[in-house]
Amino acid sequence: MRWLRLRAVWLIVVPFLWLASPTPDLLAIGGVLSLIGLWIRGWAAGTIHKDEHLTTTGPYSRVRHPLYLGSLFLGLGVSLAGGHWIWPAVYVLYFAGVYGKTMAEEDRRLTGLFPADHPDYLRRVPGFVPHFGSSGSDGSDRFSWSQYRRNREWEAALGAVAAFALLTARVVWF
């Protein structure tokens, strides 16, 4: 599923960049949404220790899949900046189809890896829409820049910068 998720998006990206008609206002709105997405993803990536232990603190105390929630905001921001309603609609359909299955698969995999802790975590923490009550977080697994880099989250930021640079060039030169 990871392979599909990371490759299939290019079937959308290439026509998007070719046919986009961004405006300064949509670039600004999309930029804000994308920054929110990058912040959520960055916080999660700087907290999680993938497959080493079940991370239930930081953003993971609010929602089980903060990386994917951040991806939703990031993708919506970029697609909205594209200048036509079809782009966010295509992105939402892509996201629902690919990430819905990805989240379910990940929950099954984590239950297998952490059978003592993950079933309770599934019951306590929502999968995709965060709760904002008491987190119960003990402050362990704080954000770490080294963990952020280890999880290669800078790649998402680099991709967002490239997308907005190309969209801005369309506004300025085309």
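Guide: Let's start with Arg-152, which counts as partly exposed because its relative accessibility is 48% (buried is under 20% relative accessible area, exposed over 50%, partly exposed in between, with a 1.4 Å probe and protein chains only). Keep in mind that this is a predicted model, where local features need pLDDT of at least 70, side-chain atom pairs count only at pLDDT 80 or more, and totals for chains, interfaces and linings use all residues. Residues are numbered from 1 along each chain as its sequence is written, and side-chain values use heavy atoms, leaving out hydrogens and water.

Arg-152 pairs up with Glu-155 in a salt bridge, 2.3 Å from N to O (a side-chain nitrogen of Lys or Arg within 4 Å of a carboxyl oxygen of Asp or Glu). Glu-155 has 34% relative accessibility, so it is partly exposed too. Asp-120 is partly exposed because it comes in at 36% relative accessibility, whereas Arg-123, at 66%, counts as exposed.

The count comes to six salt bridges. Among them is the one from Arg-64 to Asp-107, where the closest N and O atoms are 3.0 Å apart. Arg-64 is in the loop between α3 (24-45) and α4, and Asp-107 is in helix α5, so this pair ties together parts 43 residues apart in sequence. Here, both partners are buried.

That brings us to α4 and α5 themselves. Helix α4 (residues 66-81) packs against helix α5 (residues 86-113) at about 165°, with axes 10 Å apart (axes are lines fitted to C-alpha atoms over the stretch in contact, and angles run from 0 to 180 degrees between N-to-C directions). The two helices are therefore roughly antiparallel (over 145 degrees). On the α4 side, the residues that meet α5 are Tyr-68, Ser-71, Leu-72, Gly-75, Leu-76, Ser-79 and Leu-80; their α5 partners include Trp-87, Tyr-91, Phe-95, Met-103 and Glu-106 (contact is heavy atoms within 4.5 Å).

How values were computed. Helix = DSSP H or I, 4+ residues; strand = E, 2+ residues; numbered from the N terminus. Parallel < 35°, antiparallel > 145°, perpendicular 65-115°, else oblique.
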